[in-house]
Amino acid sequence: MDISSTTINPTPTPAIDLLGGGLDSLLGGDVSVTAPATTQSTTGLLGDIFGFTPTPSMYIAPKVNWLPADKGKGMDIWGTFSRKNGQISMDFTFTNKAMQPMMGFAIQLNKNSFGLNPARPLQVLSPLAPGVSHECSLALGTTGAVQRMEPLNNLQVAIKNNIDVFYFACLVPMNMYFVEDGQMDKRVFLSTWKDIPAQNEVQFTLTNVQCNADAIVMKMQQNNVFTIAKRNVEGQDMLYQSLKLTNNIWVLNELKVQPGNPNVTLSLKSRAPDVAPQIFQAYDVILHN
């Protein structure tokens, strides 16, 4: 099946317990979670005037061509995924490049790693006249049948209309599965990190990261990755972060940030280490956008 997105397959380096003996200092000493300083913006001023407060949003990948018209008998589909207020959505642009109207749209998702399924029927402008484009969103739940996919975030889709049934596969950005209540208590983080076997720790290098530690904290929090503690060790910023997936899998992360060095060391620990490559991908994309 033709997958429109490409997958990063990083080669993990041997895991090193960067926390070392310093992990216990999470519960005491000079440890802080410092919110980055904010500056007044024009958007903020407009918000004050018109009575709304702009809120940073989760990273949303640009739309990609999920189903080209030549494979969809004239039906062209571009799409991406978004998560707002705890709701995952599949966001489409349908274009009719055929010579006849299209109608009777419906969607089905195959079993997948996270039980992603439609929360309601697909609603596309019907009839969709030749030459017309229509944007729509489909709310998704995570209560469907589960089947491990390769890669884990692969999603197989079937869409029908009055002409035929069409199939394609796409990759769901992993941050779509990061839930809003993923902030772990500091003491629980400490005990969980120690309790997870060392062989479950995987380490990656994030290259060319043009963010300091405070910017990393802010960007990741916008994507439901929460900083439990921050400390400075011999001039290096150490960030300890947690996230929880929709299937209740917790992932504990440590980032080693050297001021002036664009390479950041990311160490992950989870009772389900198979999620590590996709978590790395999420960090990599978020910190480069």
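Biologist: Which residue in strand 2 does Leu67 stand opposite?
Modeller: Leu67 stands opposite Ile77. Please note that this is a predicted model. Strand 1 and strand 2 run antiparallel and are joined by three bridges.

Biologist: And how many bridges join strand 2 to strand 3?
Modeller: There are 10 bridges between strand 2 and strand 3 (residues 87-96), and these strands also run antiparallel. Within this pairing, Thr80 stands opposite Asp91 of strand 3.

Biologist: What lies between strand 2 and strand 3 in the hairpin?
Modeller: Two residues separate the strands of that hairpin, and Asn85 in the turn has a positive phi of about 55 degrees.

Biologist: How many residues of strand 2 are buried?
Modeller: Eight of the 10 residues of strand 2 (residues 75-84) are buried, and the strand is described as mostly covered.

Biologist: Let us turn to the aromatics. How many aromatic pairs does the structure hold?
Modeller: The structure holds nine aromatic pairs. In one of them, the ring centres of Trp66 and Phe168 are 5.8 Å apart and the planes are at 20 degrees, so this pair is stacked. The cut-off for stacked is planes under 30 degrees apart.

Biologist: Which parts of the chain does that pair tie together?
Modeller: Trp66 belongs to strand 1 (residues 64-67) and Phe168 to strand 8 (residues 165-171), so the pair ties together parts that are 102 residues apart in sequence.

Biologist: Is Trp66 buried or exposed?
Modeller: Trp66 is buried, with a relative accessible area of 3%. Phe168 is buried too, at a relative accessible area of 2%. Buried here means under 20%.

Biologist: What about the rings of Phe92 and Phe94: how far apart are their centres?
Modeller: Their centres are 5.2 Å apart and their planes are at 35 degrees, so the pair is tilted. Both Phe92 and Phe94 are buried.

Biologist: Which residues do ring pairs link into a cluster?
Modeller: The cluster consists of Trp66, Phe81, Phe92, Phe94, Phe105 and Phe168, linked by ring pairs.

Biologist: What is Phe94 in contact with, leaving aside its neighbours within four places in sequence?
Modeller: Its contacts include Met75 and Ile77, as well as Phe105, Leu122, Val124 and Ile159. Asp76, Ser133 and His134 are also among them.

Biologist: How many residues has the largest nonpolar core?
Modeller: The largest nonpolar core has 62 residues, and Met90, Phe92, Phe94, Ile216 and Ile279 are those with the most contacts inside it. Helix 4 (residues 276-287) gives the largest share of this core, with seven residues. At least three residues of the core come from each of domain 1 (64-172) and domain 2 (177-288).

Biologist: Which residues does the second core include?
Modeller: The second core is separate and has eight residues, including Met184, Phe189, Ala229 and Leu252.

Biologist: How many bridges pair strand 9 and strand 13?
Modeller: Strand 9 and strand 13 (residues 264-270) pair over six bridges, in the antiparallel sense. Glu201 stands opposite Lys269 in strand 13.

Biologist: Why is strand 10 described as largely enclosed by the rest of the structure?
Modeller: Strand 10 is described in that way because six of its eight residues are buried. Strand 10 pairs with strand 11 in the antiparallel sense over seven bridges, and Phe226 stands opposite Ser242 in strand 11. In the hairpin of these strands, which has two residues between them, Glu234 takes a positive phi near 50 degrees.

Conventions: Residues numbered from 1 in each chain as written. Predicted model: local features only at pLDDT ≥ 70, side-chain atom pairs only at ≥ 80, totals over all residues. Heavy atoms only, no water. Core = buried A, V, L, I, M, F, W, Y, C linked by side-chain atoms within 4.5 Å. Buried < 20%, exposed > 50% of the residue type's maximum accessible area, 1.4 Å probe, protein only. Helix = DSSP H or I, 4+ residues; strand = E, 2+ residues; numbered from the N terminus. Domains from an automatic or database assignment. Contact = heavy atoms within 4.5 Å. Pairing = 2+ DSSP bridges. Phe/Tyr/Trp six-rings, centres within 6.5 Å; stacked < 30°, edge-to-face > 60°.
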